[in-house]
Structure formats: structure tokens, C-alpha cells
Amino acid sequence: MSKKYAIGVDYGTQSGRAVLVDLANGQEIADHVTPYPHGVIDEELPVSGIKLEHDWALQHPDDYIEVLRKSVPAVLAASGVAADDVIGLGIDFTACTMLPVDADGTPLCLKPEWERNPHGWVKLWKHHAAQDEADRLNAIAAERGEKFLPRYGGKISSEWMIAKVWQILDEAPDVYEAADRFTEATDWVISQLTGQFETGEFVRNSCTAGYKAIWHKQEGYPSKEFFAALDPRLENLVETKLRGDIKPLGTKAGELTPAMAELTGLKAGTAIAVGNVDAHAAVPAVGVVDEGKLVMAMGTSICHMLLGTEEVEVEGMCGVVEDGIIPGYKGYEAGQSAVGDIFEWFVEEAVPAYVKEAAEKDGVGIHQWLTERASAYKPGESGLVALDWWNGNRSVLVDTNLTGVVVGYTLLTKPEEMYRALLEATAYGTRTIIDAFHNNGVPVHEVYACGGLPQKNRLLMQIYADVTNREIKIADSKQTPAVGAAMFGAVAAGSAKGGYDSVVDAAKAMARVREETFKPIPDNVAVYERLYQEYRTLHDYFGRGANDVMKRLKALKDEVSKE
Ligand SMILES: Nc1ncnc2c1ncn2[C@@H]1O[C@H](COP(=O)(O)OP(=O)(O)O)[C@@H](O)[C@H]1O
Ligand SMILES: O=C(CO)[C@@H](O)[C@@H](O)COP(=O)(O)O
């Protein structure tokens, strides 16, 4: 048999990237990035220019097809690999990134009658305008003693499917009515690749159904009574607009259609895996297929992934889902809604002109310029401590209405000290999550990191090792989720076609981490322990109701800006 390959397509927040992977050893033969032509739509709608309110974040569904149109042919061409030898394709996506579609699978925003309605568009994972619905959902679920709530750390996030669907119903009942289904973007792209709307079979993946739409392998979705208690119009949501065949990760969703073969340059009939989520796909790609090993997918945000054998309750976790990451295990997820995004905010909005000029003169990026100078400081030397809530708090407080804080500024504070304080704040956020798991029966013995940040910033990784007092292993790939997605593509194809029969087999052959690791430095660990205690005091004071100043300010801002 000739050498066999699979393609993984990773749909991030700003762009999508395809990677062509050698199935014998996981080597990435070629990769290609397609920036989304419309990026993140958070100010006004395309074409109509209709303004969006605060906390909205939308996307254009054709941007996802554009990635297939450009990046898949590009990796085929760059590698010189024949389409015949690409036996499978898998994708991973941000989540919950969801959209309303009609009975033909056409996104409502692509139809002239809905293109001017913001609710017709794709709601990106970081669309935070459904907090009201999330708060009501959590109150009703708690009051009814819903069994599902502990599985989600006690709170359902406004980032997830049901809150987003309910926001559509509340604010645009006509869009709700017109939607034949609400789908995760990952499932929608797979439906387009495999022609599901032509055959009438619509496949949802167990990962997003479980983590984002409150589905449970044994118990299914929440009851009709629960949905009716939210709003009588939602009573039949599950059988109507959430209907679809839920398939576990590692299964085949279908085969590439002739039309999609033409668009991508791949062969019609190529095996296509069920959709997956970015962070979840990354886990087997770093070789993690059993318990005790926490994987951090570090980029715009961080997702923390962990496997266990029992279903236990951990405050603020995003969820525990059977087969949600690796078949046979309970997959735990937690996260921070902004990490790289906070550093980007600082670089774009808060550095003085002299920093930009100096970085330009030195021929380096602003991140690098600040990092080089921040590296010269010892832990504690800046006198600063920050709360990492620039985009709310996902775990463990599950509250998108929390905002950022920096304590300790003086007239002598330098931009590089502020930057370092922000790097450290995100590490304290991660430590809070690790402690929540470790101290509640889901042990964390090893930590792995993948995503863009470990490649970009060594200081950041050393700080994470020091703050968590754990050695950190780094993925030997810039595109770990895409490699994971390719593994699932190889499993969809199966060993008879040159792929694998399980993701565990695929990980044994294909996963890679670097030799070099980041080890905690004892002197730093000791100082960070003291700083972390300060962080926890501020965290609990601002985050657990002692002082709701952040919420009052946000409410005032909304009130004043509506006048
Ligand atoms: N040198 C750097 N140090 C820290 N953060 C950086 C650096 N360069 C870029 N970033 C941040 O990395 C983030 C992008 O991470 P990446 O993993 O590439 O993207 P995504 O999360 O979309 O997959 C951006 O938020 C950006 O601010
Ligand atoms: O929430 C999830 C996964 O559950 C992510 O898709 C979301 O945080 C976005 O991840 P990125 O920061 O774009 O890698």
C-alpha cells in the first residue's frame, strides 16, 4: 500500500488552517492558513452595515467554506500528495459557534430576507450577549433541582447553545420560527462536506452536544418540562430545532460529495469524521489518551482538558461528557475566555507610542519587545497583580459580566511590567482551574500545552510552570488541533484503508511532544505562591458577590449608551 495521509482543518477565531499529515508518524507535510474574509463581526453586519450591540460576536458562514476552497487545494499542491492517497478528513472548530439554517441547510443570513437581522448570522463562541438568558436558565435549573447542573460545574454559560437559542427566541422570534434547525458550525461544515441535507440525515457530534447543548449519553437532553419552564415556546426544541443523529467522536459522518471533491481537489468518497472542537481534538495529538494529564490549548483563550473515569462535580467546569474527548473516558473541560486576547488588547490599545517606535526600530513585534523587557523582572518585582477577566470569567466563576482589574500601579510603572502582570494573571486563572480539578477528585499530575502561545512566548510558559508548580510539556506542532482532527479523519477511514481503528491507535503512531519542557524554578514558585494568594483574595472579593462594582459599571455603561 502506498503512503497514506489525512487532512485536518482547524477553524479558529480569526482564520482556518488545513494541515496534511503523514499517517505513519504524524509528520505535518504541508499547512495553509486562510484568514476569514469577514473576520469577527462585532461592530456592524456585512452589506447592510447594521450596527451591533455590545457583547455581540458574529461570523460569516461562507468564510468557513472559503477555508476549504483555498487551504485544502493549497496543502495538496504544496505537498505533491495525490488526492487518492488522502484517505480521510476531520475538522475541529471553536464552540459553541452556532447558526440557524433552513430545511436545505442554508444559513438564514445568506437569504436576502434575513441578511439584515443580526440573529440570522453565526453566533461565535465569544458572543456574550445571551448572559441574561444564561442567568435565567441557571436560576430555573437550580430551582427545579435539575440533575444536569452539577455536570456543568453548577452553571451553564452564556456562550453555549441553549442560552444563544433562547436569546434568538427572545429578541427575534421570527428568526427562531424560520430556523429549521440550530446547528454547531462544526456540524454544519461536516453536513456541507458530506451532503447531509441532500440525504436528509443530519449528524451532530457527541462532543458539542455534550459540552455545549446539555446532552448526556444516558439521559439525553434536559426534559420538555425544563424547556417549557424556560419558555413555553421552547418545549419541543429538542425534537424540532435540535434534532439530529448524535454520533460519538471517532466515527465517520459520511463521505465527501462530488461537488465538494471539485471544490477541495480531494477524491469524492473520502471518509469524513464527525465534527469536533479545537481544544478536544488537540488532546490525542499530544498523546494524551488517559487520566491525570491536563492539556491546555493556549491561544486567544485557553481550554483545559482532562480525562477521568468517574463523573465528579468540580466548581465552574464547562462540563464532563462521556466520550467527549477520548472514547471510553469522561472528558472534563474548563477554560479562560480571554488569554492571548488580553495581551493583544494591551499591545493594540494600551502601549505608549515610544514602545511602538522602539519595537519598530529594533525590528521586532511589540509582544516580543515587551516580553524581552518583562523577562528581566523577578516575580513580585513589579508590585502588580491583575485579575484576568477582560472577557469575563469562564471557569470557575462562569460569569461573563466580570471585568479586568490591575492593582498596584504607581507613577513608576512601566508598560513591560503591566504586560508581565497580564501574563501572570492568566497563569493564576489557570492555577485556579487546576486546583479546582485536583482538589475535587480529578487529579492533575502532568500538564501539556499546545496552541499558538507556547510557540510564541517562552516567558509565558515559564510563568505557567512556576505559578502551577508543575512541569509543562509542549506539543511538537504549531497546528496541534488540526493534527488531532486529521487523526480523527484517519479513524473515520479505518485501518483497512490505511488509517486507524481507534484514536488511541492513531495517537500511539502520530502524537508528538517536544523533548524540552518548562520546569518550575523553586525560588519563583515561592514568590508566586504569595502572589497567587493575593489574586485569590481579589478573585473572591470581586467575583463572588462581596462587591459587584464590575456589574454595576457594566449596567451603567449599557444604560448610558442606550440614551
Ligand atoms: N509573542 C506573543 N506573546 C503573547 N501572546 C501573543 C504573542 N504573539 C501573539 N500573541 C497572542 O496570541 C493569540 C493568538 O493565538 P493563536 O493560538 O495563534 O490563535 P487562535 O486562538 O485563534 O488559534 C492572539 O490573541 C495574540 O494576542
Ligand atoms: O470554547 C472552546 C472550546 O470548548 C473554544 O472553541 C474557544 O475557547 C475558542 O478557542 P480559541 O481561543 O480560538 O482556540
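Reply: Two strands pair if DSSP finds at least two bridges between them; strands are DSSP runs of E with at least two residues, and helices are runs of H or I with at least four, numbered from the N terminus. This is a predicted model, in which local features need pLDDT of at least 70, side-chain atom pairs count only at pLDDT 80 or more, and totals for chains, interfaces and linings use all residues. Residues are numbered from 1 along each chain as written, chains are lettered from A and ligands numbered from 1 in the order written, and side-chain values use heavy atoms, without hydrogens and water.

Me: With which strand does β14 (residues 293–298) pair, and in which sense?

Reply: Strand β14 pairs with β20 in the parallel sense over 5 bridges, and Val-295 stands opposite Tyr-448 in β20. Strand β20 is also joined, again in parallel, to β21 (residues 472–475) by 3 bridges; there Val-447 has Ile-472 as its bridge partner.

Me: Why is β20 (residues 446–450) largely enclosed?

Reply: Buried means under 20% relative accessible area (1.4 Å probe, protein chains only). Strand β20 is largely enclosed by the rest of the structure because 4 of its 5 residues are buried.

Me: Which polar contacts does ligand 1 make through its oxygen atoms?

Reply: A polar contact is a pair of N or O atoms within 3.5 Å. An oxygen atom of ligand 1 lies 2.7 Å from a side-chain N or O atom of Lys-456. Backbone atoms also take part, at 2.9 Å for Gly-340 and 3.3 Å for Asp-341.

How values were computed: Polar contact = N/O pair within 3.5 Å; in protein donor to acceptor, adjacent residues only side chain to side chain. Buried < 20%, exposed > 50% of the residue type's maximum accessible area, 1.4 Å probe, protein only.
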